[in-house]
Amino acid sequence: MRNFVKILLLKTIIHFAAFIPAVVMYYLAIVDQLGSDPVEEIIHFTGISALNILLITLLVSPVAKYFKQGWLINVRRLLGLYAFFYACLHMLNFLFFELQFDFSLFIGEVIDRPYITIGMLAYAIILLLAVTSWSKIRKKMGKKWQALHNYNYLLVSLVCIHFYWSVKSEIIEPSIYFIMLFILLYQRKDKFKRWFKR
Amino acid sequence: MLIKSKNKSALLESQVTDEAIYKDRRKVLKQLGFVGASALVAGSMPKIAWAESPSAFKTKALNFKKSQYSDIPDKLTPEKKVISHNNFYEFGAKKDQPAELAQNFKVDPWQLKITGEVDKPFTLDYNELFSRFAIEERIYRLRCVEAWSMVIPWLGFRLADVIKKAQPNSKAKYVAFKTLHDPEQMPGQSNRYLGGGIKYPYVEGLRIDEAMNDLTLLSVGLYGKTLPAQNGAPIRLVTPWKYGFKSIKSIVEIKLVERMPKTTWNKLAPNEYGFYANVNPEVDHPRWSQASERRITSGGLFARNRIETQMFNGYGEEVADLYKGMNLGKHY
């Protein structure tokens, strides 16, 4: 199979797997069929989905290298944008459905609650990465683009901490995410070493 | 002239989905393999089947009389939500897990001991839970420390009546409660992943005057029937002016003691969960504001149900005296 066909096929699969669940979950939440507290459910769903997709995005380049399938890199931007899509939904759900448009409470919570503060910081980073994802902007930014997009590693780490700080007493699920994060970052240890040498 | 006004929240005939279609829709979703597909994104597929899971745990109708608390203006939380949205870590730390994992819980036989600094300790067996004290209905607001709330028609009797029967002595200053410890039946007690990493058995406590307050209820039922397992069958505590975690479930021991007893959440995170746990909109939890709450009623994502939290959950008239002279910012 030619590479562009493979890319097209994989992108189609990603669209289906990432977009349709959101549509169905919102439908269920709106008609009150998503458990007893659809608000909590949809916030959790969008948040975990954003984190999962971010981790998958980090998986692309090690997998492409290991299996020598360079074409895989072409789906990374799409995955990143879906992570951004879920991050937007996650934040808007909190503002619209949890706080029900109480903007002053929203700002208060962002300032007062460390886990929300770093959640918003992570959101600011992914927003920057998303708006600079156009090819044109990428070309214009040159070397600065890569420097900016290296913040992806900080972003994923912040999201993992955000999740860990948000739970009440359960530590096993967040721990699993930290382990995955560690493995994915460990793949890039040479890159990090180079940064610190300079 | 005849003026017809329609209740805004009422559904139109056209908005009601026919039951057959409704059930079919679920089947189609499942057949589409949606459950598997979305697991890719979210890791776990939430309760698509939450409304249709069969219940192995049997409840039965109770005889009760209404009380002065039977008539409150708040709209009741639908029964379906009260029995499917539970914090009962013994059966899983996720809200929907208790309704799923508690169905085979055995409550008969049961023994509830009333013991400690009392002259006449006694034990209630399963049938006596429903026969020794007259059961009345109390519709109370339940405010969870996680900033959501419900309105629940409990059935039960006053803790004060139970304590009086045991004749506490002068050393009885506090009341300590204990939940059943049975890791074989309660998977959260044997499995750290399910049980949220808290120490079992779950323990709670009240000061004696709080325990003797007229509001303090030992509940054996809700919505006219005995308690479902996930709501703390066969008997639980209800203290409506305190956060929900004070309301210990499936109690096996009530012990009158001299010193302030240990409480589960206070041991786990003392900076977040105090002994008193009184609902207080002015004292924030470190991770969320307590100034307002989301009332869980019927209605989906767009239900506008955020309300201001009231001091002592609105029961100040009955309980504020208990805390006279205390700094509630410190003794939270």
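Here are a few notes on a sheet in chain B, the helix lying across it, and a helix pair in chain A.

1. First, a reminder that this is a predicted model, so read everything below as a description of the prediction.

2. Start with the sheet in chain B. Five strands make up an open sheet, in the order 2-1-10-5-6, and the pairing is mixed. The edges are strand 2 (122-125) and strand 6 of chain B, each of which pairs on one side only. On average, neighbouring strands of this sheet are turned by 15° against each other, ignoring direction.

3. Strand 6 of chain B is worth a look. This strand covers residues 203-207, and five of its five residues are buried. B:V203, B:G205 and B:R207 point one way from the strand, while B:E204 and B:L206 point the other way; all are buried.

4. What does strand 6 of chain B pair with in the antiparallel sense? Its partner is strand 5 (residues 174-179) of chain B, and the two are joined over five bridges.

5. Now for helix 6 of chain B. This helix lies across strand 1 (111-116), strand 2, strand 5, strand 6 and strand 10 (251-257) of chain B, and it runs at about 135° to strand 2 of chain B.

6. Which residues of helix 6 (residues 159-166) of chain B are buried? They are B:L159, B:A160, B:V162, B:I163 and B:A166. These residues cover an arc of only 160° around the axis, so they fall on the same side of helix 6 of chain B. The spacing makes sense, because an α-helix has 3.6 residues a turn and residues three or four places apart point the same way. Just after the helix, B:Q167 takes a positive phi of about 55°.

7. Over in chain A, look at helix 8 (residues 151-166) and helix 9 (residues 172-186). They pack at an angle of about 165°, with their axes 9 Å apart. Angles over 145 degrees count as roughly antiparallel, and helix 8 and helix 9 of chain A are therefore roughly antiparallel to each other. Their crossing is left-handed.

8. As for the contacts in that pair, helix 8 of chain A brings A:Y153, A:V156, A:S157, A:C160, A:I161, A:F163 and A:Y164. They meet A:E173, A:P174, A:Y177, A:F178, A:L181 and A:L185 in helix 9 of chain A.

Conventions:
Residues numbered from 1 in each chain as written. Chains lettered and ligands numbered in written order. Predicted model: local features only at pLDDT ≥ 70, side-chain atom pairs only at ≥ 80, totals over all residues. Heavy atoms only, no water. Buried < 20%, exposed > 50% of the residue type's maximum accessible area, 1.4 Å probe, protein only. Helix = DSSP H or I, 4+ residues; strand = E, 2+ residues; numbered from the N terminus. Arc of directions from axis to C-beta. Pairing = 2+ DSSP bridges. Axes fitted to C-alpha atoms, helices over the stretch in contact; angles between N-to-C directions. Parallel < 35°, antiparallel > 145°, perpendicular 65-115°, else oblique. Left-handed = near helix turned anticlockwise from the far one by under 90°. Contact = heavy atoms within 4.5 Å.
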